[in-house]
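Please look through the sequence and the structure before reading on.

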Amino acid sequence: MTKKQWLIIIFTAAAFVVFDLGIYFCFTSRYIDRSPELMKSSSIELDKYLPFEENSLAVKTETDLTLSGELPVLDGATALFPIYSAFMNAYYPEGSCEFTGDGFTEESLLQKTGTTGAYKAICDGTADIIFVAQPSEKQLEYAEGQGVTLEFVPIGYEAFVFIVNSDNPVNGLTAEQIKDIYSGKIKNWKELGGENTPIIPLQRAENSGSQTAMVSFMGDTPLMEPPAVLFGRSIGYSFRFYVSDISGKQDIKMLSVNGVYPDKESIRNGSYPVTDCFYAVYRKDCTNENVTLLIDRILSPEGQDIIERTGYVGITD
């Protein structure tokens, strides 16, 4: 092959590279989902919120109560872990939590199996109090199938929020627009004042707290199956504490809904439209006096202060 032929091949290859890069930066890159992976499956770093640890981020409170005797096993949703870890730190003897780095030992009185696991645990009798959002229909059916009646004690408020990448020009949506996105009626951000870019409506795992909240938010509007969209800009949903905890580290932002931004004040006064209680849940047939003692303390000004300082909104003023 001659030198001239080699130069032609190299020039042609370079031209294709330049052409492909031009197409990418001028067109394709606008349609790539720039949302970080954590937006799709955010999670609390458990080792940062463990009780009894000197540098733990779990709220620490001076208290006159240390439980003794039959100590309740605590479990719950991942998003609420900082709260029930703080309750253990305040009211349990040191050593009640055993964490190996990969998870909690079977002997640990503090567990974190997530919403689905916690509802199963309370029904199966392996947990005594769980800290969760409202149950799904399947979780209620499981309790009924186990012959278990659950007691739900509201202990605080949390906002259900919708999140997008921080460079998305859309800053707020109406509740109806969100329902239209997740029912498949609205498919492009340009219909909402954004870029001419497909919408990727992310969903969460079935029976997770976030997915149950989303089904409740949709009401009678059917939630579509997640579409197979390769390029576009995402919208997702979660609970506010998750997003507040990760937003400083990830390029995401919370959207206003019906013109109201989800901060603690709008949650407290009820102006943010997607606000709900979270609960301490125990079995009606429970005979452990420490369960009611702990829940009474959670509802006291001291317990409500722990919830507020953790970053949630207490159920009482």
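**Basis**

The model is predicted, so local features need pLDDT of at least 70 and side-chain atom pairs count only at pLDDT 80 or more, while totals for chains, interfaces and linings use all residues. Residues are numbered from 1 along each chain as its sequence is written, and side-chain values use heavy atoms, with hydrogens and water left out.

**The chain as a whole**

The protein chain has eleven helices and ten strands. Helices (H or I, at least four residues) and strands (E, at least two) are DSSP runs, numbered from the N terminus. Of its 317 residues, 50% count as buried. Buried means under 20% relative accessible area, exposed means over 50%, and partly exposed lies in between, with a 1.4 Å probe and protein chains only. The accessible surface of the protein chain is about 15,700 Å², and 53% of this belongs to carbon and sulfur atoms. These areas come from the Shrake-Rupley method with a 1.4 Å probe; for residues, only the protein chains shown count as cover. Among contacts between residues at least 6 apart in sequence, 76% join residues at least 24 apart. Contact means heavy atoms within 4.5 Å.

**Two helix pairs**

Two packed helices are described by the angle between their axes and the distance between the axes. Axes are lines fitted to C-alpha atoms, for helices over the stretch in contact, and angles run from 0 to 180 degrees between N-to-C directions.

The axes of helix H4 (residues 114-124) and helix H5 (residues 137-145) come within 9 Å and cross at roughly 15°. H4 and H5 are therefore roughly parallel to each other. Angles under 35 degrees count as roughly parallel, over 145 as roughly antiparallel, 65 to 115 as roughly perpendicular and the rest as oblique. H4 passes H5 in a right-handed crossing. A crossing is right-handed if the near helix is turned clockwise from the far one by less than a right angle, and left-handed if anticlockwise. On the H4 side the contact is made by Thr 115, Thr 116, Tyr 119, Lys 120, Cys 123 and Asp 124, and on the H5 side by Gln 139, Tyr 142 and Ala 143. These residues divide into four nonpolar, three polar and two charged. Here Ala, Val, Leu, Ile, Met, Phe, Trp, Tyr, Cys and Pro count as nonpolar, Asp, Glu, Lys and Arg as charged, and the others, Gly among them, as polar.

H4 also has buried residues: Gly 114, Thr 115, Ala 118, Tyr 119, Ala 121, Ile 122 and Cys 123. Their cover includes strands E1 (74-76), E2 (129-132), E3 and E9 (275-283), together with H5 and helix H7 (209-218). After H4 comes Gly 125, with a positive phi near 85°.

The second pair is helix H3 (residues 81-91) and helix H11 (residues 301-310), which pack at about 135° with their axes 10 Å apart. That angle makes H3 oblique to H11. Their crossing is right-handed. H3 contributes Pro 82, Ile 83, Ala 86, Phe 87, Ala 90 and Tyr 91 to the contact, and H11 contributes Glu 302, Gly 303, Ile 306, Ile 307 and Thr 310. By class, the residues of this contact are eight nonpolar, two polar and one charged.

**Single residues**

| Residue | Relative accessibility | Class |
|---|---|---|
| Phe 160 | 3% | buried |
| Ser 266 | 5% | buried |
| Ile 200 | 9% | buried |
| Asn 258 | 44% | partly exposed |

Phe 160 lies in strand E3 (residues 150-165). Not counting residues up to four places away in sequence, Phe 160 touches Ser 210, Ala 213, Met 214, Tyr 237, Ser 238, Phe 239, Tyr 272 and Val 274. The C-alpha atoms of Phe 160 and Arg 240 are 6.1 Å apart, although 80 residues separate them along the chain.

Ser 266 is found in helix H9 (residues 264-268). With the same exclusion of residues up to four places away, Ser 266 touches Val 260, Tyr 261, Ser 271 and Tyr 272.

Ile 200 belongs to strand E5 (residues 199-201). Its C-alpha atom is 6.0 Å from that of Gly 232, 32 residues away along the chain.

Most residues other than glycine have a negative phi. Asn 258, which is not a glycine, has a positive phi of about 55°; Asn 258 lies in the loop between strand E8 (256-257) and H9. Phe 52 also has a positive phi, near 70°, and is placed in the loop between helix H2 (37-40) and E1.
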